[in-house]
Amino acid sequence: MLVVRDLKDDGWPDQLPGNYDVVATVNALHWFDAGRAAQLVEYVHGMLRGGGLFLLAEPACPESAFVAGFEEWKARQPPRYTRENWERFWSRANALLGYDHTTLLGPSDANHIGDQIPVAGWIRLLERAGFGLIDVLLRDADQVVIGALKSIDPVSR
């Protein structure tokens with residue numbers, strides 16, 4: 001089932017059944033400002049069943065104390081992205097979706113997170129939303145993949 005919703009609209013979760021085992025987002029939350037990203041994470045928390053898993057993959061920067069070493073290491077890594085590959089991916093994705101996703105991203109100078117939040121910032125966002133166990137599953141030069149479990153409510157067992 002494919003459901004198309006505008007995450008800028010507060011009613012995006014309306015008519016979704018909820019009680020999900022897993023919700024995954026890939027490169028979606030960084031297109032919003034920090035406040036809206038926090039709201040979206042809270043929505044996801046509310047839509048998961050107890051013990052449900054939220055997986056997110058987002059760009060992440062290093063903490064300021066680690067920037068120099070991180071940038072030195074990152075410069076030695078092979079590039080993950082080329083503009084041509086990005087355009088080829090999104091042209092195919094847009095064809096499958098039936099609409100041009102890239103037009104919804106907004107201008108490049110929009111007030112969005114982009115790659116300006118460190119891994120610890122994503123973790124704090126998940127903690128504030130109420131997620132219990134949180135772990136970094138993958139970190140590379142550009143991105144982090146984090147798994148977060150919603151605690152099981154002992155009353156509902």
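Reply: Happy to; below we go through the sheet, the salt bridges and some backbone angles.

Me: What should I know before we start?

Reply: This is a predicted model, so local features need pLDDT of at least 70 and side-chain atom pairs count only at pLDDT 80 or more, while totals for chains, interfaces and linings use all residues. Residues are numbered from 1 along each chain as its sequence is written, and side-chain values use heavy atoms, with hydrogens and water left out.

Me: Good. What is the order of the strands in the open sheet?

Reply: The open sheet has 4 strands in the order 1-2-4-3, with mixed pairing. Strand 1 and strand 3 are the edge strands, each pairing on one side only. On average, neighbouring strands of this sheet are turned by 15 degrees against each other, direction ignored.

Me: How do you decide what a strand is, and when two of them pair?

Reply: Helices (H or I, at least four residues) and strands (E, at least two) are DSSP runs, numbered from the N terminus. Two strands pair if DSSP finds at least two bridges between them. As background, strands of a sheet pair through backbone hydrogen bonds, either parallel or antiparallel.

Me: In which sense do strand 1 and strand 2 pair?

Reply: Strand 1 and strand 2 pair in the parallel sense, over 6 bridges. To find the spot, look for Thr25, which stands opposite Leu56 in strand 2. Strand 1, helix 1 and strand 2 also make a right-handed β-α-β unit. Right-handed here means that, with the strands pointing away from the viewer, the path from the first strand over the helix to the second runs clockwise.

Me: And how many bridges join strand 2 to strand 4?

Reply: There are 7 bridges between strand 2 and strand 4, and these strands run antiparallel. Two places to look are Glu58, opposite Val144 in strand 4, and Phe54, opposite Ala148 in strand 4.

Me: What about strand 3?

Reply: Strand 3 and strand 4 run antiparallel and are joined by 6 bridges. Val136 stands opposite Ile146 in strand 4.

Me: How many residues of strand 4 are buried?

Reply: Strand 4 is mostly covered, with 6 of its 8 residues buried. Buried means under 20% relative accessible area, exposed means over 50%, and partly exposed is in between (1.4 Å probe, protein chains only).

Me: Which helix packs on the sheet?

Reply: Helix 4 (residues 119–129) packs on the sheet and touches strand 2, strand 3 and strand 4. Contact means heavy atoms within 4.5 Å. The direction of helix 4 makes about 155 degrees with that of strand 3. For such angles, axes are lines fitted to C-alpha atoms, for helices over the stretch in contact, and angles run from 0 to 180 degrees between N-to-C directions.

Me: Changing topic: how many salt bridges does the whole structure have?

Reply: A search of the whole structure finds 5 salt bridges. A salt bridge is a side-chain nitrogen of Lys or Arg within 4 Å of a carboxyl oxygen of Asp or Glu. One of them is between Arg36 and Asp10, at 2.7 Å from N to O.

Me: Why does that pair tie parts of the chain together?

Reply: Arg36 lies in helix 1 (residues 34–47) and Asp10 in the segment before strand 1 (20–26), so the pair ties together parts that are 26 residues apart in sequence. Arg36 counts as buried, at 10% relative accessibility.

Me: Which residue forms a salt bridge with Arg49?

Reply: Asp21 does, and the closest N and O atoms are 2.2 Å apart. This pair links Arg49 in strand 2 (residues 48–59) with Asp21 in strand 1, 28 residues apart. Arg49 is partly exposed at 32%, and Asp21 is partly exposed at 44%.

Me: Last topic: which phi does Gln15 have?

Reply: Gln15 has a positive phi of about 70 degrees, although it is not a glycine. In general, most residues other than glycine have a negative phi. Gln15 is in the segment before strand 1 and counts as exposed, at 78% relative accessibility.

Me: And Asn19, buried or exposed?

Reply: Asn19 is exposed, with a relative accessible area of 58%. Asn19 has a positive phi of about 55 degrees, although it is not a glycine, and is found in the segment before strand 1.
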